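Please look at the model first.

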Amino acid sequence: MYKIIAIDMDGTLLNDHHEVTADVRDALHRAKEQGVKIVLCSGRPIGGMRRYLKDLKLDEEEDYVIAYNGALVQNTHTNEIVSELSLGYEDLKLLYELSIELDTPMQFFDAENVYTPNTNISEYTVLESFINQIPLRYRKIEEIPTDILLPKIMFIDEPERLNKVIAQIPASIKEKYMMVQSAPYFLEILHPEVSKGNAVKKLAEKLGIKQQEVMSIGDNGNDLSMIEYAGCGVAMENAIPEVKKSANFQTRSNNENGVAYAIHELVLTR
């Protein structure tokens, strides 16, 4: 019996219209009624997850969420923080200077906003603000408080251009941070100990849940660590090859109720 199901959002829980279908919603509710903890586990900022948590009734007592690719693990009912790993102002300055050197846009987050220091604001930063329904702020780096805590910083660019940028990042920088490409146009830069897998592990240990009692469902590179950690890793049909290779089970695509199919096959019928 699986006691936690950690579920990625974009490309997994949500279809391509950013919707939770009726079939997926029903499967989540049925699993929760059986005592399974449903934990949304996303690269999204916490502000971009709240409306889904409320809509799916995942903000009740003893419900949890994992945001910013694992930088934040939080009780959604009490807001108690289980784990939080952040970057600071010196990291922001270093990565901003690198973004200038590599000629790529960047964005970063605090608890409620997405910021850009670029006067020519990237369309992908605008998209991030729109999808997550969080405010977008333009701020020069020197205007940012030096005590700021940053769950993540991102380089953003057209996919072909971003791949070239990633190849040019110095090894010393890659060793200093956790870097994961969560979409063809997003490179996420986080505290070196951050990953979805580590976050799911910390939550399971807090709740006294064994590794083999954890199921994780995902599609992209930032999901790989939780797919590998879980007792049952589930890859979406639309997942990248690395995720499919590491998974124990492959479900249908995000546009074919893949999360509902996996829960039905692996939880509700057993």
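Methionine 178 stands opposite leucine 190 in β11. The model shown is predicted. Strand β10, residues 178–183, pairs with strand β11, residues 186–190, in the antiparallel sense. A hairpin of 2 residues links β10 to β11.

| Strand pair | Residues | Sense | Bridges |
|---|---|---|---|
| β10 and β11 | 178–183 and 186–190 | antiparallel | 5 bridges |

In general, strands of a sheet pair through backbone hydrogen bonds, in parallel or antiparallel fashion.

Both β1 and β2 belong to an open sheet of 8 strands with mixed pairing, in the order β5-β4-β3-β2-β1-β12-β13-β14. The edges are β5 (81–84) and β14 (249–250); each has a single partner strand, so one side of each has no neighbour in the sheet.

Now to the helices. How do the axes of α1 and α10 cross? Helix α1 (residues 22–33) and helix α10 (residues 258–268) have axes that come within 8 Å and cross at roughly 30 degrees. Angles under 35 degrees count as roughly parallel, and α1 and α10 are therefore roughly parallel to each other. Their crossing is left-handed.

In this contact, Asp23, Val24, Ala27, Leu28, Arg30 and Ala31 of α1 meet Val259, Ala260, Ile263 and Leu268 of α10. By type, the contact residues of α1 and α10 comprise 8 nonpolar, no polar and 2 charged.

Key. Residues are numbered from 1 along each chain as its sequence is written. This is a predicted model: local features need pLDDT of at least 70, side-chain atom pairs count only at pLDDT 80 or more; totals for chains, interfaces and linings use all residues. Side-chain values use heavy atoms; hydrogens and water are left out. Axes are lines fitted to C-alpha atoms, for helices over the stretch in contact, and angles run from 0 to 180 degrees between N-to-C directions. Helices (H or I, at least four residues) and strands (E, at least two) are DSSP runs, numbered from the N terminus. Angles under 35 degrees count as roughly parallel, over 145 as roughly antiparallel, 65 to 115 as roughly perpendicular and the rest as oblique. A crossing is left-handed if the near helix is turned anticlockwise from the far one by less than a right angle, and right-handed if clockwise. Contact means heavy atoms within 4.5 Å. Ala, Val, Leu, Ile, Met, Phe, Trp, Tyr, Cys and Pro count as nonpolar, Asp, Glu, Lys and Arg as charged, and the others, Gly among them, as polar. Two strands pair if DSSP finds at least two bridges between them.
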